[in-house]
Amino acid sequence: MIAKISSGKSTAGLIRYLYDTKKAKDHTDPHLVASFDGFAPDPGRADDFTVTKKLLVADLDLHVKQAERLGRAPERHVWHCSIRAAETDRHLSDEEWADIARRIVAATGIAPADDPDGCRWVAVRHAPDHIHIAATKVRSDLRTARHWNDYFTADRELAAIEKEYGLHQVVRGDRTAAKRPTRAEQEKAKRANHDRTARERLRTTVRTAVAAATSTEEFIRLLQHTDGILVDVKHFPSGDVRGYTVALQGDTNGKQEPIWYSGSELAPDLSWPKITERLAATARTSHPWQMALAATEHIPHALTHDDPPAAQAHITALAETIDALPLLAPTLYEEQLRQAAAAFERASRSRIRARNEHAAWLRGAVQGMLRTPPPNSADGTLLALFLDTIVLAVTAAIRWHEVQRHDQQVAAAREALTYLQAAADQAATIPLTILARAAPVSVTAQLRYAHIVRVVLPEHAERILDTPDWGALAAVLARADEGGRDPAEALREAAGQRPLHDARRPARLLTWRIQHTTAQQSQTPQATPSVSSSVPPPDARRTRR
């Protein structure tokens, strides 16, 4: 069930709308299902509709008029709450809707249970799947109702109602979601033939700039050099940056002025202080691709063993990594990665405050990746490995959010996972084909390597051998064998980097790991990055010079 709550100035106007069947074609048989005293006049069941409607308005406004004479009535004295059931829910009876209405006015503070001075209210039903509660905010003791956080308390009560009535249980949030586009914004985008509103397009642009920037100064420069984006930087009298606003060229109001959005209006984590905090927690690395792989592979372990603020930091950095992926990927699956980034955006935040220094290595590595071509990977193997590693990290993020009971974040991460898996599959196609064709393995050798798989990884053997990816894995095992590496040791080392239980395609993941390790060892020896600790040393955290 979903509740929508608003305030207004006219009781008569709201009652007129609720009982209207001419302009509102979807209103059928409007009638009361409950009221503050059980005896409120019902225009929908009266012989004289007009007179009864006036009586109902007068009943609801009684204490408002009394408070007005004392100068104590609130200007917006009308409280309006609509409650809608899910399409898949059964049709509730009038008695059931009446019970739901009473529980909502009690939970929100409009008419608390056993409070004789509660506000006056009625519940009107004019459709099978929803009701409207119309109330006036002045109590019989002429005090204004205390209904702060009414949306939150109503939503919490509806969650309990859904369980008790056996209704569809809505995925609920923790009030950290980005603000949804208004209906006006959606209609404006539709008229302009855009599939997303200006707010949503700007949110994507700003998030990508945050992922790519190495400092707040560069973040502003990236926005200023983005086609179609207007940027206005706000300063304190001292000259320090106070904040920023952005607008789309051509997106104007009635006065033909740009419609500006502050960072916090795009998403809670895009405010200037939040961006400054995240960019300050960045560690530099001379091997960004290798470090990004190591840091991303570390995420499942960190989400299992670190405390919640550190775990939240890893998820925040993972979201920034996903934001950057469209800049790294071929156009073939770029759009899927953009959709993954848009979906995972909701999974990147929770009420847990992130300690961003715990994800400094990954954040710095991603910034370096955008400026450094992938080493030894002309065929796309390294990017394919990175995508499969991100899939594992997102799977771990889903589990962590489930444990924390972050319902909306779980749903968002699952949606993102679908897009990421599709992109990873496309990224793997060419490298796997090249591997299998470039180094065909004889039947005898395949049987030998299959035996090694069964010995080294018995719990995963069937999942590895009974897939189309086995040919490519056998090829890289043969290549390692020819280069003097023990195939069993190569397989054991690759599997030991991180557990394979969450791997959707374990043979493919092992192929990437062995291929990547073999390529590294064939080059001039150099320091191999590792993430033994998720927190970098203090001298590695600075981003500003």
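Residues are numbered from 1 along each chain as its sequence is written. Because the model is predicted, local features are given only where pLDDT is at least 70 and side-chain atom pairs only at pLDDT 80 or more, while totals for chains, interfaces and linings use all residues, and side-chain values rest on heavy atoms, with hydrogens and water left out.

## Overall make-up

The protein contains 20 helices and 8 strands, where helices (H or I, at least four residues) and strands (E, at least two) are DSSP runs numbered from the N terminus. Taken along the principal axes, the C-alpha atoms fill a box of roughly 95 × 60 × 45 Å. Of the 545 residues in the protein, 52% are buried; here buried means under 20% relative accessible area, exposed means over 50%, and partly exposed lies in between, with a 1.4 Å probe and protein chains only. The accessible surface comes to about 26100 Å², and 51% of that surface belongs to carbon and sulfur atoms; such areas come from the Shrake-Rupley method with a 1.4 Å probe, and for residues only the protein chains shown count as cover. Among contacts (heavy atoms within 4.5 Å) between residues at least 6 apart in sequence, 73% join residues at least 24 apart.

The angles run from 0 to 180 degrees between N-to-C directions, and the axes are lines fitted to C-alpha atoms, for helices over the stretch in contact.

| Helix | Strands it lies across | Angle |
|---|---|---|
| α6 (residues 198–212) | β6, β7 and β8 | about 125° to β7 |

## The sheet of three strands

The other open sheet is formed by 3 strands in the order β6-β7-β8, again with antiparallel pairing. Its edge strands are β6 (229–235) and β8 (261–262), each pairing on one side only. Between β6 and β7 (residues 241–248) the antiparallel pairing extends over 7 bridges, and Asp 232 has Thr 245 in β7 as its bridge partner.

## An aromatic cluster

Rings of Phe, Tyr and Trp (its six-membered ring) count as a pair if their centres lie within 6.5 Å, and planes under 30 degrees apart are called stacked, over 60 edge-to-face and the rest tilted. By this rule the count comes to 5 aromatic pairs. In one of them, the ring centres of Phe 219 and Tyr 244 are 5.4 Å apart and the planes stand at 85°, so the pair is edge-to-face. This pair links distant parts of the chain, with Phe 219 in helix α7 (residues 216–224) and Tyr 244 in strand β7, 25 residues apart.

Phe 219 also pairs with Trp 272: the centres are 6.4 Å apart and the planes are at 45°, so this pair is tilted. Here too distant parts of the chain are linked, since Trp 272 belongs to helix α9 (residues 272–280) and the two residues are 53 residues apart. Phe 219, Tyr 244 and Trp 272 form one aromatic cluster. Both Phe 219 and Tyr 244 are buried, Phe 219 with a relative accessible area of 0%, and Trp 272 counts as buried at 10% relative accessibility.

## Two loop residues with positive phi

Leu 142 has a positive phi of about 70° although it is not a glycine. This residue is placed in the loop between β5 (130–136) and α4 (150–165), and Leu 142 is buried, with a relative accessible area of 16%.

Gln 256, which is not a glycine either, has a positive phi of about 60°. Gln 256 lies in the loop between β7 and β8, and at 61% relative accessibility Gln 256 counts as exposed.

Note on methods. Pairing = 2+ DSSP bridges.
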